[in-house]
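Biologist: Please show me how to read this structure, one feature at a time. I would like the general idea first and the case at hand second.

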Amino acid sequence: MKLNIFLMVLATLSLTACNDDDNPTTPAPGTGGTTPVETQNAFVTVNNALTSLAGTFPTATCDATTGAPSTAPGSATFVTDKIFCSLSSGATSTGSIRSGYARTAGLFCAINKASPLTNTTTPTVHDNVSISESDPCFTTGPVDLNADGDTADTVPVSFRETTGGQGDFDTKVEMQTNAIAFNTSGTSDTTLYMKNAADLTTAKSVTATGVSEAVLKKSSGEVFYENRDYTNNNHTRMYGKGAVATNGTISNLTNLQVIEASGNTGSEANSVMFATDGTNVWQDQYVGTTRATGFDTCTTTTTGGTPNCTALVIPYDAGFHDFTANPATNYNNGTMMSTTAPITMSF
Ligand SMILES: [Ca+2]
């Protein structure tokens, strides 16, 4: 737990440091002009939401690399331990909720710091921008941007930003790593999408090996999250609802649903599902495609109360593991993830 607190403090400090370089003025999205694109307040807000959701779970010990809990699959607390780690751990792997989102936020932060996004309606190219793999923008630790096996490099990237005409988003950034000039006829390895309006903050990143997207609706108090990690075959989906403060912190939780599935089709393993309405708590876990006996539980936080999880049960669907049928390219568009509750375990 001490480590987690340390990482959270570190993350906060890093984001603050990064934020100092940005213009805090929020531009009118998609309206053109040259107002710098505000990114960090949006990401701090979402990170605060994730931190407060993590705080609703008992603390657990999480692996710094994989983000996995020390608890063994099949044990009684594996579900809640795994979700706590996913929400809070600064793991190197991008398979957890926090680390997957941190990569998206970190990339936006780092490129915007090195060569500020201009928010023009005319696509704008930024060539030969140097990004350190240990830039404090990457709040869960250094990342291997150029995929060479270490995280000690300063990597040249070139990117093109386009504002407006991006479907559900305002800004799109197509990034080419290890490129000193943006090749307009070439393929971009990373695409980022973002919208930061008064009530809706959403950002998505798409690479060949991972897709991560978070949506925060402040007025309705809802946060949605989805992550597909094609390297480790982790697929995570989350919905939370409560009272969202201006800084993103969620309290008075009335709904939280989380699905974390591991393994591609045919090698499914250790999927966990959790749902609560704030009083009743339902959870289940599968070891492979087989339900671990005795872990489909329904409890209530009301002393002496009778639990009722009828509305909370998430049906298991092995298709949720199908990474081949749902490649990352399917998500490289301006369509925001489904923002309806309850979440499902389909596709
Ligand atoms: Ca590297």
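Biologist: In what sense do E6 and strand E7 pair, and over how many bridges?

Modeller: The general idea is that two strands pair if DSSP finds at least two bridges between them. Strands (E, at least two residues) and helices (H or I, at least four) are themselves DSSP runs, numbered from the N terminus. Here, E6 and E7 (residues 222-229) run antiparallel and share 8 bridges. They make a hairpin with 4 residues between them, and Gly-221 in that turn has a positive phi of about 70°.

Biologist: How many bridges join strand E5 and E6?

Modeller: E5 (residues 200-207) pairs with E6 over 7 bridges, again in the antiparallel sense. Leu-200 faces Lys-217 of E6 across that pairing. These two strands also form a hairpin, with 2 residues between them.

Biologist: How many residues of strand E6 are buried?

Modeller: A residue is buried if 20 or more other C-beta atoms lie within 10 Å of its own, exposed if 12 or fewer, and partly exposed in between, with C-beta atoms placed from the backbone. In E6 (residues 210-217), 7 of the 8 residues are buried, so the strand is mostly covered. Over the chain, buried residues make up 47% of the 347 residues.

Biologist: Now for backbone angles. What is phi of Asn-128 near?

Modeller: Most residues other than glycine have a negative phi, and most peptide bonds are trans. Asn-128 has a positive phi, near 50°, without being a glycine. This residue is in strand E1 (residues 124-132) and counts as exposed because it has 12 other C-beta atoms within 10 Å. Asn-252, in strand E9 (residues 250-262), also has a positive phi near 50°. Asn-252 is exposed too, because 10 other C-beta atoms lie within 10 Å.

Biologist: Which peptide bond is cis?

Modeller: The bond from Ala-341 to Pro-342 is cis, with omega near 0°. Pro-342 is in the segment after strand E13 (297-300).

Biologist: Which residues are in contact with Asn-264, leaving aside neighbours within four places in sequence?

Modeller: Two residues are in contact if their C-beta atoms, placed from the backbone, lie within 7 Å. Beyond those neighbours, Asn-264 touches Asn-233, His-321, Phe-323 and Thr-324. Asn-233 is 31 residues away in sequence, but the C-alpha to C-alpha distance is 5.8 Å. Asn-264 sits in the loop between E9 and strand E10 (269-276), and is partly exposed because it has 16 C-beta neighbours inside 10 Å.

Biologist: Which element of the chain has the lowest mean pLDDT?

Modeller: pLDDT is the predictor's confidence in each residue, from 0 to 100. Helix H1 (residues 2-19) has the lowest mean, 35, while E1 has the highest, 97. Residues 1-34 stay under 50, and the model has 58 contacts for them beyond four places in sequence. Where pLDDT is low, the predicted coordinates should not be read in detail. The chain as a whole has a mean pLDDT of 85, with 88% of its residues at 70 or more.

Key. Residues numbered from 1 in each chain as written. Predicted model: local features only at pLDDT ≥ 70, side-chain atom pairs only at ≥ 80, totals over all residues.
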